[in-house]
Amino acid sequence: MFPRALLVARVYKDQVRPTFLGEESVGVADSVKQLYARSIGLRRREVEAKVREVEGQVQRYKVIRALALLVDRVSTFKQREGPDPVRVREVLFDSSSEPAITPEERERKLGEVAGKLDLSQGDTIKQMWADLEEEAILTHVPDIDPHDLITNFNLGQCQTLLFKANHLTVSFEGQDAYKEAIRRIKRMGLMFTALPGPPPMLEVEGTLSFLHSTEKYGTTLAMLLPDLIALPGWRMEAKIVHTDAAGRRKTRNFILDSGVADYLGVSLEDAPPALPTPFLTSLIGLLDESGLKVTKNPPPLVVGGGMEFPDLVVQGNGRVAYVEEIGYWSLEWVKRKLLRTEKSPHPYLIVASRALAVTKSLEHPRFIAGKKTGLDLDYVRRKVLPAWFPATEEVEVGPSSLPAGVGDRDVHVISEIARSCGLRYPAAKKFLEERGYLCAWGFAIRRDALPRLREEVMGALPNLSSVEKVLERWSLSTAILPTLGLTVKWRGLEEATVVKQ
Amino acid sequence: MTVTLSFDKGTLLVRGGRPPIGVWDERVGAYRSLAMHYGDISAWGRSLAKGDFTDMAFDPLMPPHFAHSERLRPYQKEAVEAWKSSGMKGVIVLPTAAGKTHVALEAIQAVSSSSLVVVPTLDLIDQWVAKLTDVFGIDVGRIGGGVNDLRPVTVSTYDSALIRAESLGNRFHFLIVDEVHHLPSPSFRHIAEMYCAPARLGLTATYERADLLHLELEGLMGGKIFERGYDKLTEYLADFAIVKVKVELAPDEMDEYDDQREAFTSYLRRHRMRFRGRWDFDSFIRRSWNPEGRAALMAWRRAREIAFNPRAKLDAVRTILSRHRGERTLIFTEETAQAYDLSKELLVPCITYKTEEMERKEFLRRFKEGRNNVLVTSKVLDEGVDVPEASVAIVLSGSGSPRQFRQRLGRILRPGQGKHAMLYEVLSRDTTEMGTSARRKKGMGALIAPSAG
């Protein structure tokens, strides 16, 4: 990173971009390095004066100054040899409360102090502030590759431009890159909002930037940059508050992608291939056997401003579901995850091993907790797959096969009807629909009973537990609420209200 | 359903209800707002039915018992009353040396809760800590300059208060911002935004900013609620005079000055640029990226350097010092290098932004105790540092900012027995420094004594 004054950027329409140095500038970088190498033994202020001489001879003097700063940072400067300057000052200032007003007074005072310190008068003055940064003497310049100076310059310019960023979005290739990026973003104390793609993007921000445009996080974004651009397939777009030559503040776009990795000296990190665990491998086998299409390592899924990382996308029987296997888990963590993934465009199933549980488990249709020995494939085959991937085959049913009394009840559980009649689910559903039932979420409700049901539910709003009691009386669950034009609004894990959709 | 209010990195989150201020944040399923709205949001929460509101946001440090026996001057009492009747919010404007700190002490006692004092420099931290410790007899925390000691009453630098706002924003009931004219800058304004502190007090001698950002103080701190100028407080401040000392550049210096100025002004003419204010200067700096612009910039710098630091100024300083032998004298420079050069010439201590904390304290102690009667400094002692012993100030070079000039003058205005303060402004005749001097003394004409040659 450089001081803002050393930013060399070009503006084109609504875009701003740092000026990158390339192969043609290797000679310039080398000459700056050589200037330092020839200046060994000089004070920093003298070296800086030499740099100023050189920079006046080139078109873009800031380039020279920035390259010199890079060399300066890796060079070794040492304080002039001699007595500790703090001690010299102490003796000097102790010698009299009055300043040396006349040259004679100065001569006398210096003479006394020099005597006490066993120095010459000249050395006493030289030593007086020898611990200042600009007085330090250049003693060593490392053998830096000028190519590295160039890439450091380019990266530093990008970071310097980001100081004034009030917005940054990034995207990558592959789930692992996103996972790692999120980890790195959080480590810097920043937040993110996931935006649907393709490709999905992470909008990196701080708590304040959600409320108003601010450059407060610019420095943190600049520090984050090297971490992000090491990930595969990166692309970033930042909004930079840029002041033009006329002093007008405008927001301009700074767009960069991994195509310039060479200019920045970045070696892209190879994400290790994600190998499915035995747990997941056995599930994939079962899904294949069942004729379902399985896609491994799909792109990340944007859900409600967050990002989820399913391991599989499963398709079949006209349905789609995501599957994610989790590692160590707790009841609360899984609850939060289930809540978060409720808004997923397709059912989001969570697979976990009880061996990795740190608390008791929970029952939930989208949560599949395998045994310590492995996934209970029989359970998945019997319960999970029929629930989420019901067969679509339909069977004509004659009225003679129906149990007695079906027509008299307001609510039926479709699967119970199917079981008692020996029918497949879709056929039972069709049969009930033909007989004046509204079928939804596994329930069949007689259409003429719907106004009564709706009236009772509306009377219990907005408290979820009151609504649940009404539904219980009707042998229904809250899954039916969307059918009544209602939805559950969660205010946390424990509290919820029922509101109109 | 219970409404909960929590603190999240300088912001507030409201769950279970819609607050009067806030934006829905889908990521966390809550309304989010700036921490500075804590007072309004918690008042709204408390207005809900009993038991329907849980405040988990505010976690103030346990305050000590505040009691002091300091006596306030009448105008200080008026200032505190004005602040109380403004709902314990607002900015008090008093000249340097008029005792703003005393006003703050009274306000702290009135609030009697955890308090954070935000100051611009490390020296001011030392000064506030010493005063608070002395007056209230409590342990005072400090954050800044590598120290991180959090206590119910803490003094912090602006930078540290900003960096720590995400974690400390909900720990203080009372926020005091000294030299509050710095607060509305694009970065420092976040201090006001990210702290809950329902009680707020800003202190300054120079409220207005050339960029008009002081208008932001209305929302951030409560705006100006009390002001008294020098003219109303003469009985409480040291008697003072401002004297211009004009020096001639040596012929070789004048020639070089003229050449450099010509190089600079011809560049401006060629590019049809005018200097009407700071914004025009910024524009010039931004345009100086190419060799021609750089040459003009270097010429401007060199001309300024010559005007700031001609050989005759050293003679003038010697003359002034000889007239005030034995008196505590502060010498102000604009550039750090000039301060060190003068220190080497006069063999006196020097404080700049480069001075280590230990030595800075030691040099100030030496000056206060009279072990060294002269102290050279650049801009770091412009603001707030209390050196009541100083009676002479020499402004060897400075900017055109009236604020800087008034602050520098303020260093010698602390009243003392029979004290007659003198501020000498040493200027290079026939240079732009004369215009700079006029700009910085805008509004102080009647106070300036006839010039010395």
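**A walk through chains A and B**

Let's start at B:Asp126, which sits in helix α4 (residues 122-136) of chain B; helices here are DSSP runs of H or I with at least four residues, strands are E runs of at least two, and both are numbered from the N terminus. What you are looking at is a predicted model, in which local features need pLDDT of at least 70 and side-chain atom pairs count only at pLDDT 80 or more, while totals for chains, interfaces and linings use all residues. Residues are numbered from 1 along each chain as its sequence is written, and chains are lettered from A and ligands numbered from 1 in the order in which they are written.

Is B:Asp126 buried or exposed? B:Asp126 counts as buried because it has 20 C-beta neighbours inside 10 Å. The cut-offs go like this: 20 or more other C-beta atoms within 10 Å of a residue's own make it buried, 12 or fewer make it exposed, anything in between is partly exposed, and the C-beta atoms are placed from the backbone. Between B:Asp126 and B:Ile108 there are 18 residues in sequence and 18 Å in space, C-alpha to C-alpha.

Now hop to chain A and its residue with that number, A:Lys126, in helix α6 of chain A. A:Lys126 has 18 C-beta neighbours inside 10 Å, so it counts as partly exposed.

How do the two chains meet? On the A side 40 residues are in contact with 46 residues of chain B, contact meaning that the C-beta atoms of two residues, placed from the backbone, lie within 7 Å. On chain A, at least two residues each come from α3 (61-74), α4 (85-94), α5 (103-117) and α6 (121-128). Sorted by class, that side of chain A has 17 nonpolar, 14 polar and 9 charged residues; Ala, Val, Leu, Ile, Met, Phe, Trp, Tyr, Cys and Pro count as nonpolar, Asp, Glu, Lys and Arg as charged, and the others, Gly among them, as polar.

Next, the domains, whose bounds come from an automatic or database domain assignment. Chain A is split into domain 1 (4-79 + 135-149), domain 2 (85-130), domain 3 (163-264), domain 4 (278-388) and domain 5 (399-500). Taken over C-alpha atoms, the centres of domain 1 and domain 2 of chain A are 37 Å apart. For chain B the assignment gives domain 1 (3-55), domain 2 (74-229), domain 3 (238-248 + 310-447) and domain 4 (253-308), and the centres of domain 2 and domain 4 of chain B, again over C-alpha atoms, are separated by 39 Å.

Over in chain B, have a look at a helix pair. Helix α9 (residues 251-270) and helix α11 (residues 291-308) of chain B pack at an angle of about 145°, their axes 8 Å apart; axes are lines fitted to C-alpha atoms, for helices over the stretch in contact, and angles run from 0 to 180 degrees between N-to-C directions. Residues making the contact include B:Tyr257, B:Phe264 and B:Tyr267 of α9(B), along with B:Trp300 and B:Ile306 of α11(B). By class the contact has 11 nonpolar, 1 polar and 5 charged residues.

What about the cores? A nonpolar core is a set of buried Ala, Val, Leu, Ile, Met, Phe, Trp, Tyr and Cys residues joined through C-beta atoms within 7 Å. Of the 122 residues in the largest one, B:Ile92, B:Tyr195, B:Ala393 and B:Ile394 touch the most other members. Leaving out residues up to four places away in sequence, B:Tyr195 touches B:Ala35, B:Met36, B:Ala165, B:Gly169, B:Phe172 and B:Leu175. A second, separate core has 82 residues, including A:Tyr217, A:Ala238, A:Leu264 and A:Trp329.

Most residues other than glycine have a negative phi, and most peptide bonds are trans. A:Leu461 and A:Pro462, though, are joined by a cis peptide bond with omega about 0°, and A:Pro462 is in the loop between α16 (450-460) and α17 (464-473) of chain A. B:Lys9, not a glycine, has a positive phi of about 45° and lies in the loop between β1 (3-8) and β2 (11-15) of chain B. B:Lys9 is partly exposed because it has 16 C-beta neighbours inside 10 Å. B:Leu347 also has a positive phi, near 60°, in the loop between α13 (336-346) and β16 (350-351) of chain B. With 25 C-beta neighbours inside 10 Å, B:Leu347 counts as buried.
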